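Trainee: Before we talk about any single residue, could you walk me through how the words used for a structure are tied to their cut-offs?
Mentor: Gladly; let us look at the structure together and then take the terms in turn.

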Amino acid sequence: MRKLLISLVFAAFVLPIWQVSASPSPEPGSAPLLTPSQIISGINSYRAANGLPSYQSNSTLMQLAQGQADYQASIETVTHTGPGGTRPIDRAYSIGYGNGNTVFVSEIIYGGYTATVDIAITWWKGSSIHNSTMLASTYQEIGAGVASSGDRMFFTAVTGYVVGAPAPENAGVPIVAGDDETSTESEAPSVPSIIIIPVTKSEPREDGSIIHTVRTGQALWNIAAVYDVPLEELLEINNLPQNAIIFSGDEIIVQEATEPVVEVEPTTDSQIDTPEPTEAVAPTIAPTEAAAIVEEATADEAEVNTSASAVAALPPAEQPGITGFFQGSTARWIMVIAFVGLLGVLGTSLVMQQRTVETATVTGNLDPLTTPLNVALSSESQEEKQFEELPRKEQFEHLQRLGEVALMTYDLKIEDIKPHNHWLNASFKLLSASEDGADNPDYLLRIHHPKLHTAARVRSEMQWLAHLREHADLQAPEPIKNIEDKWVTMMDAPGVPEKRACTILTWPSGKQLTAKQVTQKKMGQVGAWLARLHEAGQEFDPPKGFTRPKWDWAGLQGKAFNVKRDAARADLSDEQLEILDAAKEQIKDTMGQLEKRKNALGLIHGNLGVDNLVFDGDEAKATDFAASGWGYYVYDLAVTLHSLANRDNLPKLETALLKGYRNVRPLPDEEATNIKTLMAGRSMSQVYLMTALIDQPAFHKQAEERIQEQFDYLATYLI
């Protein structure tokens, strides 16, 4: 089995330092083959080409960077975690950078076999996050380190800024290769006189909303800090782009109205059909569209945080511990206000470029929470279109490189990465390295489609899986958290036009069967598993911000996939529309009947076809939960049977499925008799999804074939 080649890993930390302590230095690694000054020279040449002054070499940062490079070489692992579990900020804290003053540091790293400085810098340029560290205007000093282990190189660069320090004497003079420290006398740049009005919290309004009126010198990031709200959350709530600039007098929504808005809409073709929840289901199944958007935008604050692996050069107001600092002396307040105001006026556009680990970004002005998938795909940027026009295999290769970068944000020992599937999501099987003769579990790495799966939706899936893990009899995949204790890692990489949500799950043990191999006994096992899943869902208390698709009438017509129905229908022939409309009337009537029943809906799997099942002895298990959401329990059974629709003994398989289910929990005949119609509903939902992908060259053939398969079934259903 070949050893996995990971060409790069990056992370950036920016945290304030309030005091100085001591800790032991790491043991040095192998002798470096290249010099740290080459890294500094390369970065400064890049800054000069962009009209920026050079970073100045700092001996303390040089020691800090070299120590981490040596440590990485000594353990042959690319990581930001140092000896004793230390972070970059901890190491800067202990080494005494800034002599006790408030400082900010940002660390970027790169590791690869036979790698060079040029390769590292080229890669950093290709990623917006890496690039923002190299082109930051808030840092002044830099240190670098190079180490090797065999033919594997490890590069580290650390940039820093000391609050209150005078401008460096050699500003604007690049450091050339071979000179670890260069200094040239020059005048310090003048600082403009700026009027700064401190941010004062506004009181909540009657409906619970909080609106802040912008004053002179204020910026979004220091508004976010004072209100203790993630910056990206402010951007989402106010529908602002990453590079937004605000002006005095603007009103910023800090918190949406908290009064609940519940609306049950009628079952029509053009509106969302939102059935009432069962008594056992805690959340409301039928929020208005505005409320649904708020659910996704206002993710649990504890989960939307600065990532150790995906954030560079964030300003001080967004860092942990800032509240405690604000509680200090008046002089400290004055210093902070002045610094905040200066950066707010001069550096807003830079700050807007920073990313948080669990907040999705969107190209252009499209909002993934409100823009239909088929409309979003037709509104792609040139870069996105170039990616979509690549053959499927090449797309997969680009996504694998992104996955390899994301993998380094997890504390896993992986020996190899194998392509698994590339459809709406790209997935890879991660083969664990064996230690001490023991076999470690393998994992599934998923890279989610950016216009279908928002970070909030993916995170909610992980929360649901974590709950299911408490039910041992379900043997659900275990979601794995990254080094920042987050389930979702947002990552971008050269060649992939948009930032993607990445997750890792344990690989389920067992054997996958084809549709022809599924027996009546196996179907009984599936029925029992679904019943246990539905019972577990009734015990689940959704946390704040939990958002999953709804498989109601509107959901089956494309809403669950964020597909615009009218746009999808435009891609169908008159004959296909005639078949679809005939089946739709019966599906609509069935959904209306189920809507009136109590205890008929809750959290379901939503996509438990044969390809999402594995069998381990006498137990069935589910794999992919990406479609899990709110829906009618009987629909789950219909989806499973739909994947076996071509079997001659389908009635016997259905009987076995229902028997297995009813051995665990009841299912009234009034609901079970709707299975056939709901199988047609499954076909209808697949038609709408495939039409959104049929114009994508990499998926056209498969989407076209799947659409035809669905119409073949619908035609049979109508006979």
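This is a predicted model: local features need pLDDT of at least 70, side-chain atom pairs count only at pLDDT 80 or more; totals for chains, interfaces and linings use all residues.

Mentor: Residues are numbered from 1 along each chain as its sequence is written, and side-chain values use heavy atoms, with hydrogens and water left out.

Trainee: What makes Phe-396 and Phe-428 a tilted aromatic pair?
Mentor: Rings of Phe, Tyr and Trp (its six-membered ring) pair if their centres lie within 6.5 Å, and planes under 30 degrees apart count as stacked, over 60 as edge-to-face and the rest as tilted. For Phe-396 and Phe-428 the centres are 4.9 Å apart and the planes are at 40°, so the pair is tilted. Phe-396 belongs to helix 14 (residues 392–407) and Phe-428 to strand 8 (residues 426–432), 32 residues apart, and the pair thus links distant parts of the chain. Helices (H or I, at least four residues) and strands (E, at least two) are DSSP runs, numbered from the N terminus.

Trainee: Why is the pair of Phe-540 and Phe-546 called edge-to-face?
Mentor: Their ring centres are 5.2 Å apart and their planes stand at 65°, so the pair is edge-to-face. Phe-540 has a relative accessible area of 9% and therefore counts as buried, and Phe-546, at 6%, is buried as well. Together with Trp-464 and Trp-630, these two residues form one aromatic cluster.

Trainee: How do you know that the charged end of Arg-47 sits over the ring of Tyr-55?
Mentor: A charge sits over a ring if NZ of Lys or CZ of Arg is within 6 Å of the ring centre and within 35 degrees of the ring normal. The charged end of Arg-47 is 3.8 Å from the centre of the Tyr-55 ring, and Lys-481 lies over the face of Trp-487, at 4.5 Å from the ring centre.

Trainee: Why does Arg-469 count as partly exposed, whereas His-642 counts as buried?
Mentor: Arg-469 has 40% relative accessibility, which falls between the two limits, so it is partly exposed. His-642 has 13%, which is under 20%, so His-642 is buried. Arg-469 lies in the loop between helix 15 (455–468) and strand 10 (479–480), whereas the place of His-642 is in helix 20 (residues 633–642).

Trainee: Which residues are in contact with His-642, leaving aside its neighbours within four places in sequence?
Mentor: They are Met-679, Arg-682, Ser-683, Gln-710 and Tyr-713, where contact means heavy atoms within 4.5 Å.

Terms used. Buried means under 20% relative accessible area, exposed over 50%, partly exposed in between (1.4 Å probe, protein chains only).
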